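Colleague: I've got this one open on my screen. Walk me through it, please.

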Amino acid sequence: MEIFTTLVGFIALGASLAHGKVYSDLEQLGSAKETYDFVVVGGGIGGSTVASRLSENPRFNVLLIEAGPNNEGIIEIAVPAYYQNISSTYSWGHVTTPQIGLNNRSLPYDQARVLGGSSSHNGMVYTRGSTDDFDRWGRVSGDSSWSWKTLFPYFLRNEKLVPPPGGRNASGQYDPRFHGYSGPTSVSLPWGGPTDFDLLAIENAKHSNEIRFNLDVNSGKPSGLIWIQSTIGNGERCSAAVGMLTGKVRERPNLTILLNTQATRVLPSNESRQLDIRTVEIVSVSSGKQTTVTAKKELIVSGGAFETPHLLLNSGIGDKNELEAVQVKSIHHLPDVGRGLSDHLGFLPLRWTANDVVRPVDNAIAFEEWQTNRTGPLTEAVGHQLVFARISPDAPLFNNQSDPAAGPNSPHIEFTFRSQGPETTGFVVLLTPKSRGTVKLASNNPLDRPLVDLGFLTHPFDLLAIKEGIRMIKRWFEGPAYEGYITGFLGPDPDVLPEQEFDDALKARAVTLWHPVGTASISPRGAKHGVLDPDLKVKGVQGLRVVDGSAIPYVPTAHTQAAVYVLAERAADLIKDSW
């Protein structure tokens with residue numbers, strides 16, 4: 001991190017600082033009183049996308065409120081390879097409750113608190129998921145317009161596929177038919193490669209009956225060995241704050257961005273027979289000054305899978321009995337607020353001995369290359385390749401467990417692998433968990449952190465499925481292409497260790513992929529379960545809509561940012577069509 005502190009002060013990033021109505025504190029908003037048609041709470045993918053799209057219409061006056069600071073000028077956010085070194089200043093600092101399924105371990109949980117939200121904080125992998133994932137949204141919501149067919153044009157509208165950093169020829173590593181080329185979100189393939197290690201995987205896929213090469217993970221059929229696509233443009237992270245809130249967007253006279261300001265409650269806007277909520281109570285992070293803002297048309301909550309239910313619960317919208325237990329007055333009994341949390345669980349590391357040597361990167365030289373021309377190893381975050389795979393329907397776990405996948409195009413397992421010289425490491429991720437968690441209030445103080453229970457490994461399927469995933473990656477490295485390269489498996493091995501010993505090892509090493517969804521899920525109009533109607537309006541409430549990952553009913557078989565982008569793009573059209 002020393003290189004950050006010595007250079008961050010004078011490095012000129014690709015995007016210049018905007019000089020529009022971007023206020024760093026609530027005091028500045030107070031001196032510029034305006035009336036807003038739409039107030040958007042949360043500057044992550046959902047909020048940034050909706051604010052950008054709504055303010056395209058000069059008749060709409062839009063206020064975007066973000067609890068964290070500006071994203072601009074922060075070097076560790078801009079450099080892709082530094083994503084694991086981002087300062088805790090830009091995180092909410094969540095820690096989960098003790099996880100019963102992980103032998104009571106609590107996990108730190110990095111949810112971003114900065115403009116751009118988790119897209120300013122994540123590993124930038126851009127995977128959409130399967131056609132079946134999105135068709136299930138339609139089934140769950142009772143609205144078939146939520147489907148892959150309907151949403152695919154929104155993927156294209158949002159995306160701008162650009163050449164890899166440095167401009168190498170990436171033909172043969174993606175299918176151009178499935179991409180957009182003029183959207184705000186830059187997507188690219190890796191700067192480097194194919195390396196010798198990459199080519200081993202390509203060769204191995206030719207001989208595998210289980211994992212074949214897949215030209216494009218974003219075709220709607222993601223299973224197979226794939227080349228990673230990432231939200232990186234010109235060698236820099238392209239977050240929602242970069243792509244959706246460009247300098248020109250920030251200078252729109254009808255868009256105001258208010259930073260370092262936390263929403264504490266949403267409030268009824270007037271006395272009427274039906275609950276009407278278009279007012280939000282906000283507080284300055286620095287001074288503690290508090291005020292309210294009311295939208296003329298709609299209040300749009302985009303706080304993410306933790307902060308959105310936290311805000312609704314603090315406002316008295318949730319399970320009446322649970323709210324009263326923490327002395328929060330219930331104004332609308334909606335029991336599923338904060339329930340249904342699903343997230344991807346990963347297990348690391350798996351280790352193999354390998355016939356290879358370490359190829360170290362000189363960080364100072366690499367940083368100079370990035371600073372000079374935005375190329376080099378620092379333009380990459382998580383490697384070159386991934387594998388998505390389905391567990392065989394003949395696997396023993398399906399003797400007693402139903403298949404939770406949305407359909408035959410949805411993989412159950414993701415795994416990554418990386419050469420580290422004399423060792424190769426692997427990371428197995430469960431994409432289709434049956435376990436569910438919750439977000440609840442710790443107290444009636446809206447500034448207290450919520451109680452986040454991921455519920456990891458509380459359903460027996462998940463542990464069994466992770467074991468099957470490990471067996472799959474073992475078989476992968478037993479393929480003929482790795483003969484002489486992979487020389488042994490160091491484990492942990494579910495087929496060698498006693499069951500309890502392996503289970504304890506897994507629980508000790510299980511981690512989150514930071515892909516939470518489902519805590520304010522869509523459901524059919526008129527249904528007593530769920531939180532949102534198919535148009536993303538809060539059930540039984542006028543004027544209040546939710547646009548973020550909390551609305552997604554099942555975690556996609558993908559890294560979740562693309563799904564949230566497409567949800568928000570369509571939401572923007574739904575909102576425009578309403579007015």
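Colleague: Start with helix H13, residues 460–477. What span should its 18 residues have, and how far apart are its end C-alpha atoms?

Modeller: The 18 residues should span 26 Å at 1.5 Å a residue, and the end C-alpha atoms are 27 Å apart, so the two agree. The expected span is 1.5 Å times one less than the number of residues. Helices (H or I, at least four residues) and strands (E, at least two) are DSSP runs, numbered from the N terminus.

Colleague: Anything I should know about the model and the numbering?

Modeller: This is a predicted model, where local features need pLDDT of at least 70 and side-chain atom pairs count only at pLDDT 80 or more, while totals for chains, interfaces and linings use all residues. Residues are numbered from 1 along each chain as its sequence is written, and side-chain values use heavy atoms, with hydrogens and water left out.

Colleague: Back to H13. How many of its residues are buried?

Modeller: 14 of 18, so H13 is mostly covered. Buried means under 20% relative accessible area, exposed over 50%, and partly exposed in between (1.4 Å probe, protein chains only).

Colleague: And H15, residues 561–578? How far does H15 reach from its first C-alpha to its last?

Modeller: H15 has 18 residues and reaches 26 Å, close to the 26 Å expected at 1.5 Å a residue. In H15, 15 of the 18 residues are buried, so the rest of the structure largely encloses this helix.

Colleague: Now the strands. Which residues sit on each side of S3?

Modeller: S3 covers residues 62–65. Val62 and Leu64 are on one side, Leu63 and Ile65 on the other, and all are buried. Side chains in a regular strand alternate between the two faces of the sheet.

Colleague: Which way does S2 run relative to S3, parallel or antiparallel?

Modeller: Parallel, with four bridges joining S2 (residues 36–41) to S3. Two strands pair if DSSP finds at least two bridges between them. Val41 stands opposite Ile65 in S3.

Colleague: What do S2, helix H3 and S3 make together?

Modeller: A right-handed β-α-β unit, with H3 at residues 45–54. Right-handed means that, with the strands pointing away from the viewer, the path from the first strand over the helix to the second runs clockwise.

Colleague: What about S3 and S11? How many bridges join them?

Modeller: Four, and S3 and S11 (residues 255–258) run parallel. Leu64 stands opposite Ile257 in S11.

Colleague: New topic: cavities. How many of 30 Å³ or more does the search find?

Modeller: Three, from a search of the whole structure. A cavity is a set of points on a 1 Å grid, over the protein atoms alone, where a 1.4 Å probe fits but cannot get out; lining residues have an atom within 4 Å of a point. Points are joined across faces, edges and corners, and a volume is the space filled by probe spheres set on them.

Colleague: How much space lies in the largest one, and what lines it?

Modeller: About 60 Å³. Its lining includes Ser188, Leu189, Pro190, Ile228, Thr379 and Glu380.

Methods. 1 Å grid on protein atoms, 1.4 Å probe; cavity = no way out; pocket = protein on both sides within 12 Å on 5 of 7 lines; lining within 4 Å.
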